[in-house]
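Student: I would like to learn how to read the features of a model such as this one, taking one feature at a time. Could you give me the general idea before each case?

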Amino acid sequence: MTKAFVIGHPIAHSRSPLIHGTWLKAYGIDGSYEAIDVASDALSEFVAQLRAGTFAGGNVTIPHKEAVFSLCDEVDPLARRIGAVNTLVARNGRVCGTNTDYLGFLGNLDQQAPGWDRDLSEAVVLGAGGAARAVLVALAERGLKHIAILNRTVDKARDLAAEMGTQFSGHALSEFSTLAPSAGLVVNTSSIGMHGSHFEDLDLGLLPQTALVTDIVYTPLVTPLLADAQARNLRSVDGLGMLLHQAVPGFEAWFGVRPDVTPELRAAVEKTLDH
Ligand code: ATR
């Protein structure tokens with residue numbers, strides 16, 4: 001039997017066992033996927049066990065995505081650029097780290113808004129934390145000309161832009177009004193939208209009518225930002241698909257089947273979310 005895991009601390013809230021468990025059943029694979037609570041001081045011992053071949057691999061979530069980076073024997077170039085590892089694959093006594101969050105972000109938009117990147121040259125990304133990095137790398141991969149990073153702490157946005165490359169720039173949230181008229185895409189990567197929070201003074205009415213608005217927050221599924229976009233008849237894509245699509249490459253690496261993100265899988269996970 002092929003075994004995989006998700007490690008985090010805490011881990012009880014993770015939807016990954018539901019996602020991978022649904023696929024294991026659907027494809028009739030003799031495998032398991034379990035959630036394991038691993039505290040920070042036990043992380044290196046866990047990776048050593050993985051090297052010894054107990055598992056085919058697994059996912060890594062909060063708070064270990066950065067710490068596990070240096071424990072891997074190999075980290076692929078995209079995970080290096082993002083600066084975090086969320087997927088581990090054990091191969092011939094070596095632990096290889098990758099990051100599938102950027103593929104999750106792209107897979108979600110490709111499925112829910114096909115052609116979203118055609119003729120798209122400018123995007124506004126809200127937030128400059130760990131979650132922003134995978135989104136920024138994804139947008140650069142799709143060849144956008146200019147990606148503006150807007151953050152409450154403007155210095156963090158500027159530092160991240162400088163690190164990411166010449167097509168990025170860093171700004172305060174208040175600069176949305178000057179950047180919005182030429183932006184074809186708005187992505188929220190900050191935690192705003194959770195726990196009843198919402199952006200103050202973000203006028204989506206300044207965006208072109210063709211703009212797409214997406215959020216990586218999926219609790220609630222329709223964040224205040226997405227509700228605002230919908231009320232203005234702008235296209236919008238929620239964040240649940242990113243969670244589902246980031247799971248695809250890991251499942252394929254461990255179990256040898258590329259799984260589909262189906263409406264049934266989405267419905268099963270959606271049922272577990274607070275509305
Ligand atoms: P993650 O790894 O999930 O991205 P993080 O690194 O703590 O978490 O980043 C959270 C992001 O949400 C940051 O961009 C943060 O802005 P600051 O850099 O100014 O802290 C943003 N954020 C969180 N709460 C916010 C709030 N109430 N108003 C504006 N931005 C907020």
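Tutor: Let us start with strand pairing: two strands pair if DSSP finds at least two bridges between them. In this predicted model, strand 7 (residues 122-126) and strand 8 (residues 146-151) pair in the parallel sense over five bridges, and within that region Leu126 stands opposite Leu150 of strand 8.

Student: In what order do the strands of the open sheet lie, and which strands stand at its edges?

Tutor: The open sheet has six strands in the order 9-8-7-10-12-13, with parallel pairing. Strand 9 (168-172) and strand 13 are the edge strands, and because each has a single partner strand, one side of each is left without a neighbour in the sheet. On average, neighbouring strands of this sheet are turned by 20 degrees against each other, direction ignored. Helix 6 (residues 154-164) packs on the sheet, where it touches strand 8 and strand 9, and its direction makes about 180 degrees with that of strand 9.

Student: How should I describe two packed helices, and at what angle do the axes of helix 1 and helix 11 cross?

Tutor: Two packed helices are described by the angle between their axes and by the distance between those axes. Here the axes of helix 1 (residues 16-26) and helix 11 (residues 263-270) come within 10 Å and cross at roughly 145 degrees, and the crossing is right-handed.

Student: What span should the twelve residues of helix 4 have, and which of the residues of helix 4 are buried?

Tutor: At 1.5 Å a residue, the twelve residues of helix 4 should span 16 Å, and the end C-alpha atoms are 16 Å apart, which agrees. The buried residues of helix 4 are Asp101, Tyr102, Gly104, Phe105, Leu106, Gly107, Asn108 and Leu109, and what covers them includes helix 3 (77-82), helix 5 (130-141), strand 10 (185-188), strand 12 (212-215), strand 13 (235-237) and helix 9 (240-246).

Student: Why does Asn108 count as buried, and which residues is Asn108 in contact with, leaving aside its neighbours within four places in sequence?

Tutor: Buried means under 20% relative accessible area, and Asn108, which lies in helix 4 (residues 101-112), counts as buried because its relative accessibility is 2%. Leaving aside neighbours within four places in sequence, Asn108 is in contact with Ala113, Val237, Asp238, Gly239, Gly241, Met242 and His245.

Notes. Residues numbered from 1 in each chain as written. Predicted model: local features only at pLDDT ≥ 70, side-chain atom pairs only at ≥ 80, totals over all residues. Heavy atoms only, no water. Helix = DSSP H or I, 4+ residues; strand = E, 2+ residues; numbered from the N terminus. Buried < 20%, exposed > 50% of the residue type's maximum accessible area, 1.4 Å probe, protein only. Contact = heavy atoms within 4.5 Å. Axes fitted to C-alpha atoms, helices over the stretch in contact; angles between N-to-C directions. Left-handed = near helix turned anticlockwise from the far one by under 90°. Expected span 1.5 Å × (residues − 1).
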